[in-house]
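Ready for a few exercises on a structure that is new to you? Try each task on your own, then walk through the solution.

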Amino acid sequence: MKARICVSEERLSKCIAYVRTNGYNIIIKKIALACEKERFALASKSANLYVRIEPEVKEQAEKILAALGITASNAINMFYKQIILQRGLPFDVKIPYTKPLDISTLTDEQVDAELEKGYADVVEGRSKLAKQVFLDIRKDYNL
């Protein structure tokens, strides 16, 4: 008979009960020892992480992770591994250099210059129609 390794207490109890009822008392201690070693190995391979996060952020992120087939635990584990590989955060954390323009503080010439920049972006294909942007957002987030 081949002994099956059990992890949980419930499965360990079932294994021991099965072994005892079939007259294999001699291997009970071996099974229990193997189960305990496996449970210890699993426990030593993981640690708990408790974080506070905004419920809306958590919900939105978990929807995206579910669509990708990734659990939150796996995503956090990947994030931590990237921190180790990058020796820091795997993305830039900085304040943007440009500030949003307050049109009320601009002169007519400055407003015209900004409008010209926007027109040049459209002509050179560096922009999208608002309708297309919203369609892309809905597609990306399954909305």
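The lining of the second largest pocket splits by class into 4 nonpolar, 2 polar and 2 charged residues. Here Ala, Val, Leu, Ile, Met, Phe, Trp, Tyr, Cys and Pro count as nonpolar, Asp, Glu, Lys and Arg as charged, and the others, Gly among them, as polar. Keep in mind that this is a predicted model, where local features need pLDDT of at least 70, side-chain atom pairs count only at pLDDT 80 or more, and totals for chains, interfaces and linings use all residues. Residues are numbered from 1 along each chain as its sequence is written, and side-chain values use heavy atoms, with hydrogens and water left out.

**Exercise 1.** Find which residues line the second largest pocket.

*Solution.* Start with the term: on a 1 Å grid over the protein atoms alone, a pocket is an open set of points where a 1.4 Å probe fits, with protein on both sides within 12 Å along at least five of seven lines, and lining residues have an atom within 4 Å of a point. Next, read off the lining: Gln-60, Lys-63, Ile-64, Ala-67, Asp-140, Tyr-141, Asn-142 and Leu-143. Helix H3 gives the largest share, 4 residues; helices are DSSP runs (H or I, at least four residues), numbered from the N terminus. Finally, the volume is about 230 Å³, meaning the space filled by probe spheres set on grid points joined across faces, edges and corners.

**Exercise 2.** Work out which helix gives the largest share of the lining of the largest pocket.

*Solution.* First, the space in this pocket comes to about 510 Å³. Of its 16 lining residues, Leu-49, Val-51, Ala-72, Ser-73 and Ile-76 are the closest to the centre. H4 takes the largest share, with 8 residues. By class, you get 11 nonpolar, 3 polar and 2 charged residues.

**Exercise 3.** Decide how the rings of Phe-79 and Phe-91 are arranged: stacked, edge-to-face or tilted.

*Solution.* Grab the rule: rings of Phe, Tyr and Trp (its six-membered ring) pair if their centres lie within 6.5 Å, and planes under 30 degrees apart count as stacked, over 60 as edge-to-face and the rest as tilted. The count by this rule is 2 aromatic pairs. Phe-79 and Phe-91 sit 6.2 Å centre to centre with 20° between the planes, so they're stacked. Phe-79 is in H4 (residues 72-86), while Phe-91 is in the loop between H4 and helix H5 (108-123), 12 residues apart. Together with Tyr-80, they form one aromatic cluster.

Conventions: Helix = DSSP H or I, 4+ residues; strand = E, 2+ residues; numbered from the N terminus.
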